Amino acid sequence: MRFEVPFLPDPAYAALLAANAPSISAVYFRLGQDTPDARLPGAGEVTPEGLAEGLRALPDVPRLGLLNASFHAPELLAGDGLRDLVMLLEGYLAAGAITGIVYADQYLLTALSDMAPDVAGALTAIPSINFRLDRFERLGTVLDAATDTHFRPTGTVILDRDINRDTARLAEVAGEARQRYPGLRIGLMANEGCLFACPYKNAHDAHIALSRLASCPAGPDLNRKLGCLRAFFEHPERLLASPFVRPEDVHQVEGVADYLKICGRTRPAADLAAIVRAYLEGRFDGNLLWLLDTQEVLSGRFLLPNSGLPEDFFDRTNGCRHQCRECGYCGELAARLLTERDLALPRYGNGNY
């Protein structure tokens, strides 16, 4: 199995990726501190030149810039903001630091194509996981819409996270997609620990996009008070019902998926290296909550040992209809394995916490 991973221009992390280059299908990264993507604004802006220097050890790996905010202001789609974004993309192209973009807003894709057809023609347009491609008809509509622009057609697509542990449905969607689009490579999200069929997701994505335009409550505080983190705390079984794929279970989706996308790009480089290494080795001995994006916020308070899950965990949850009150399997596991940790200062950079 190959992996699409975040890229950080950290020497030790870049060396890990270079040493495992045959297993890396692509790298992805934020284009800049103020560019619109599906995470809250953060510090540590990286220049095109800095990224190109860091990527020099991975010359043949696709390099994907993130423009995957769920929506954008009208003035960005038609004004100076769009010209600034085109200039930024031109800089990344000139530095040899980008081969494609990941997008979640068809308006933005069309606007960029109209304003800068030459720039678009040099880049592949890859639909974001947040298009929630859980059936072939939706996937085909999204890919066909991208072909109406000047961007190069994508050769990869990531299916919706909610069907990760439903191999029969995965095989059906992937099979139809490959028949309609020969050569299309199918990916899955590996270590995202969101709620199954998250009822907060649309609003959460909108809050993140809005945070690029004006101050608003978004991110962990909102989720802790009203959203998914509160739900996990009140219903621990939902931690395990989340449709993640553990390192030990990667083989379960081989043959259906061509690659897995690893999350965690906002975390320290040492932590991200430990996550990538776990998937490369197919084994993780630490706190499962720490491994998973979203649930990682809870890992300082709760311990859920990954090694405690039974070997047939994937098989038992494969094709689950998520009728948790009638089943009780994940609830029984959580009751047995989940423990509250003593409050302590976080140990940053330790791959087991």
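## Strand E7 and its neighbours

Ile158 stands opposite Gly187 in E7, where strands, like helices, are DSSP runs numbered from the N terminus (helices are H or I with at least four residues, strands are E with at least two). Strand E6 (residues 156-158) and E7 run parallel and are joined by three bridges, two strands being counted as paired if DSSP finds at least two bridges between them. Three bridges also join E7 to E8, again in a parallel arrangement, and here Met189 stands opposite Lys261 in E8.

Together with helix H8 (residues 167-180), E6 and E7 make a right-handed β-α-β unit; the crossover is called right-handed if, with the strands pointing away from the viewer, the path from the first strand over the helix to the second runs clockwise. Strand E7 (residues 185-189) is mostly covered, with four of its five residues buried, where buried means under 20% relative accessible area, exposed over 50% and partly exposed in between (1.4 Å probe, protein chains only).

## Basis of the model

This is a predicted model, in which local features need pLDDT of at least 70 and side-chain atom pairs count only at pLDDT 80 or more, whereas totals for chains, interfaces and linings use all residues. Residues are numbered from 1 along each chain as its sequence is written, and side-chain values use heavy atoms, with hydrogens and water left out.

## Aromatic pairs

Rings of Phe, Tyr and Trp (its six-membered ring) pair if their centres lie within 6.5 Å, and planes under 30 degrees apart count as stacked, over 60 as edge-to-face and the rest as tilted. By this rule the count comes to six aromatic pairs. One of them is the edge-to-face pair of Tyr103 and Phe131, at 5.5 Å centre to centre with 70° between the planes. The pair links distant parts of the chain, 28 residues apart, with Tyr103 in strand E4 (residues 100-103) and Phe131 in the loop between strand E5 (124-127) and helix H7 (136-146). Both Tyr103 and Phe131 are buried.

The ring centres of Phe244 and Phe313 are 6.2 Å apart and their planes stand at 10°, so this pair is stacked. It joins distant parts of the chain, 69 residues apart: Phe244 lies in the loop between helix H12 (237-241) and strand E8 (259-261), and Phe313 in helix H15 (residues 313-317). Phe244 is buried, with a relative accessible area of 1%, and Phe313 is buried with a relative accessible area of 1%.

## Charges over rings

A charge sits over a ring if NZ of Lys or CZ of Arg is within 6 Å of the ring centre and within 35 degrees of the ring normal. The charged end of Arg165 sits in this way over the ring of Phe244, 4.8 Å from its centre, and that of Lys261 sits over the ring of Tyr28, 4.3 Å from its centre.
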